[in-house]
Amino acid sequence: MPPGLDTEVQYLKGVGPKNAMLLQKLGLRTVWDVLWHFPRRYEDRRDIPPLMYLKPGRHCTAKGKLIDVKSRSIGKGRVVVQGVLSDKTGEVALTFFNQPYVGQQLQKALGRQVVAYGSVREGYRGHLELHGVEWEAIEDEDLDEFARIVPVYPLTEGVPQRVVRKAAKSAVEFFANQVADPLPTSLRSEEKLKSLAWCIHQMHLPDGDDERIEARRRLAFEEFLYLQLSLQMRRNEVKQEVGISFPVSTLGAASEPPPGALGSTLFAEPMKEGRTIWDEVHEMLPFTLTGAQRRVIDEIWEDMERPAPMNRLVQGDVGSGKTAVAACAMLAAVRCGYQAAMMAPTEILAEQHFINLHRLFDQLGIKVVLLVGKQTPTQKKKASDQAANGEAQICIGTHALIQEGVKFAKLGLAVIDEQHRFGVLQRMALRQKGTEPPDVLVMTATPIPRTLTMTVYGDLDLSVIDEMPPGRKPIKTHWKKIQDRSQVYATVRKLLDEGRQAYFVCPVIFENEKMEAQAAEDLFYRLSREEFQDKRVGLLHGQMKPFEKEEVMEKFRQHELDILVSTVVIEVGVDVPNASIMVIEDANRFGLAQLHQLRGRVGRGEQQSFCVLIADAKSEDGILRMEVLQETTDGFRIAEEDLRIRGPGDVMGTRQSGDLEFRVADLIQDSVLLERARQCAIRILQKDPGLTSPEFAGFVAKVRSKRSSEALVTVS
Ligand code: ADP
Ligand code: MG
């Protein structure tokens, strides 16, 4: 921070010690802090229309004289306070629910000019009301400021807008010019970015909308640029490491095991001469791969053949067949004389992968073992011994895989399924289980929109499976109200009679897993004793013992059960193609991405599948979610909608959101800018991989601090 900018706010013109205390509540101690405390929005007060032009259903700014304040009780201890604004053309009532203290504040402003912002509603007898109001009385001294675009700052309780505005104004007027620009002039002219000092000025005191937008664009670009530089640098570093070069394309050309392979007594037979790895893939899989799967497998194998460690993200919607792709990668590693490990986020999923992959690899004489936390100590010991001595070539598991004490004889490939459930920590930990840096393959279904892929996973190469296996019919989704339940049950019965199976998913209960299990049991009893007495109903929830869960899943898989009642434990990866209908109770309690994941459990077979959402959604978000799901099965669209509704922090989970907290930038609004920043970062690093040139001195520290914050995420 240049000297001068660390001046304490109390010395700013028009602030003083008393206001400085208030500003401190917002964490604003120095001039620098104030300059970087940007407005949340702006109010264009150059041209506020007369009150008669207020339009219901829109957010508007209103100005008028406060002529009346009234408050009334509306029962159950609830209070409405209204302040009436008036001008020559009309009136509007600023309306506050259950904020009795606003009444006193309004009383003080009675008779003065007030500016208010909120959403316009038509109230009693067509009188206009403003809801969700932000308001302030206009001081005489503000009058000269009046006809401008006025910044509206984020505040905290007890800090008036006026105080922040005044501090920002004098900070900008006296100090903004001292702000040095970390971006080199050449880069700024290439990207057509204005100077930082100018941008800070325009953020706080915009000359017009164009200037304000221009300023914001530069600041957002800069934020994206630092993030992209740090991600690209990490990616380049990994590429320079020396990892394993798997000779995939020459497999089968020689009868000798590849150099470096484990002793062949411990290991699977090497591949027979004259056979290629594709021959084995065809023998192993019960179906023909889709074009997209084949393309992605090729990309992976090419990557594996290179000496630098692979770091690849495979993205493919629910049901696109990521497991088969992973199996092909693992097969290549094994045939080249290495072991492969696959980590899944839940025991059910790990167990299911184990069952499927065991079946596939058994035909080729490759041994697969399972390692999950809740196995008996003997089982666990056996599995980890087999991993350690190389008897097992493939090891499937949960977090248990990355526990201390688990060793591999020769780990060459680590696959991480449904990555969005894991933090960066686990990705690194599994990687460290190899003696040489193993190749890493990360697989994820879509709840990650492209913009996020570019940020959180910007250090990974990307392969996309953009094609579904043939014969899939898009799932038909219907949103039903609670009173339609019996009709829904009749549909389920019809499908069961045709030989299909059904899932019933009971609502998420936020309090705890125990209550969730209880809800599942209640639903189970109701269905098995009443509506579906004559059918075979099973129950699955998180509180059950692992072997109980496995038993139920196995019965459902074998069609010894017609209905499976479950909590969200089945959300990820469970695969029973004959299950063709899913009923989700209280569907409005689930997030959009989660519903899409759940729904992906059906639609895996030849028959038409259905998903019924039972929900009395009333909130705007809730209705929107149900409608989006009815409309589309496109995971990418759903992911974008989800991001729009919930914001990136929630979508990614707090663990990984640290990198996504921007001051100015917005991942949805600024996705084009993000791509530009990415390209720019790549260009910069091509010329100067270590950012050692003096022209980058201004921001090297910022890029580094991004990187160390990632390191913190990794160890926390
Ligand atoms: P996801 O991408 O959600 O992990 P899975 O790998 O579980 O999907 O595959 C979903 C289902 O599709 C499985 O039953 C799998 O056997 C089947 N499958 C995968 N690829 C193909 C294909 N090319 N042709 C036919 N069925 C396939
Ligand atoms: Mg999967």
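Predicted model: local features only at pLDDT ≥ 70, side-chain atom pairs only at ≥ 80, totals over all residues.
Residues are numbered from 1 along each chain as its sequence is written, and side-chain values use heavy atoms, with hydrogens and water left out.

Let's start at ligand 1. It has 16 residues around it, and G319, K322, T323, R472 and D575 come nearest; a residue is counted here if one of its heavy atoms lies within 4 Å. Look for the polar contacts, meaning pairs of N or O atoms within 3.5 Å. A polar backbone atom of G319 sits 2.6 Å from an oxygen atom of ligand 1. An N or O atom in the side chain of T323 is also 2.6 Å from an oxygen atom of the ligand. For R604, a polar side-chain atom is 3.3 Å from a ligand oxygen. The protein covers 84% of the 570 Å² of accessible area that ligand 1 has on its own (Shrake-Rupley method, 1.4 Å probe).

Now turn to helix 23, residues 671-687 (a helix is a DSSP run of H or I, at least four residues). Its 17 residues should span 24 Å at 1.5 Å a residue, and the end C-alpha atoms are 25 Å apart, which agrees; the expected span is 1.5 Å times one less than the number of residues.

Which residues of helix 23 are buried? They are L673, L674, A677, C680, A681, I684 and L685, where buried means under 20% relative accessible area and exposed over 50% (1.4 Å probe, protein chains only).

Conventions: Chains lettered and ligands numbered in written order. Polar contact = N/O pair within 3.5 Å; in protein donor to acceptor, adjacent residues only side chain to side chain. Helix = DSSP H or I, 4+ residues; strand = E, 2+ residues; numbered from the N terminus.
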